[in-house]
Amino acid sequence: MSAPVPAATTRADEPGPVRPGRLLIGLTGGIGSGKSTVAELFAARGAAIVDTDAIAHELTGPGGAAIPAIRAAFGDSVIRPDGALDRDAMRERAFADADARRRLEAILHPMIRAESRRRLDASEGRYAVLVVPLLVESGDRAGGVDRILVVDCPVEVQIERVMRRSGLVRERVETILAAQATRAQRLAAADDVIDNGGEPDALPAQVDALHRRYTGER
């Protein structure tokens, strides 16, 4: 007998679309959970997608708008020769120094929020999905999202995926996970959940179910 196909879950006390007008869905999940894959599936169904991680990469790329402030705060040691942020150097510094992490966030977060809002306002689609890796960690419904959608999988699956994708050793991945919200914390904050602990071909049906919910289709 084949294993049951995972189904997307929603809070039982909130049937149907939440409110008229265009919904804003906050898509989040831990590292290696599959957020980008899920976002692509929603995009294929006509949702507007704004990815805050992609915005952060643009802001910290060569000539990025955040580079002057980062250079002023942390010096040339975290800037690569091409003018982009040296992510490895900055990551090591931020993990070792909570104050450095807060200073970096104080530079980046307002820029990311402003650019996210600009892109959302300019976007089309029956609903919008704002991809925010650290949405739960932010402590609020970042960007005024209507619903929080968590892409969930077991921690061991996250570790294996990140090691395979990034070539990081297990201890390094565990350090990254320790700095993020726990699986239980994300699930407690979720309005909707996609189970991505199994095979990729289980995802489209779950996305379809939520797409129908978000658009009011039956």
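The structure holds three aromatic pairs. Rings of Phe, Tyr and Trp (its six-membered ring) pair if their centres lie within 6.5 Å; planes under 30 degrees apart count as stacked, over 60 as edge-to-face and the rest as tilted. This is a predicted model, where local features need pLDDT of at least 70, side-chain atom pairs count only at pLDDT 80 or more, and totals for chains, interfaces and linings use all residues. Residues are numbered from 1 along each chain as its sequence is written, and side-chain values use heavy atoms, leaving out hydrogens and water.

**Exercise 1.** Classify the pair formed by Phe-42 and Tyr-127, and locate both residues.

*Step 1.* The centres of Phe-42 and Tyr-127 are 6.2 Å apart with 90 degrees between the planes, which is edge-to-face.
*Step 2.* Phe-42 sits in helix 1 (residues 35-44), while Tyr-127 is in the loop between helix 5 (98-122) and strand 4 (128-131), 85 residues apart. Helices (H or I, at least four residues) and strands (E, at least two) are DSSP runs, numbered from the N terminus.

**Exercise 2.** Decide whether Tyr-127 and Tyr-214 are buried or exposed.

*Step 1.* Buried means under 20% relative accessible area, exposed over 50%, partly exposed in between (1.4 Å probe, protein chains only).
*Step 2.* Tyr-127 has 1% relative accessibility, so it counts as buried; Tyr-214, at 5%, is buried too.
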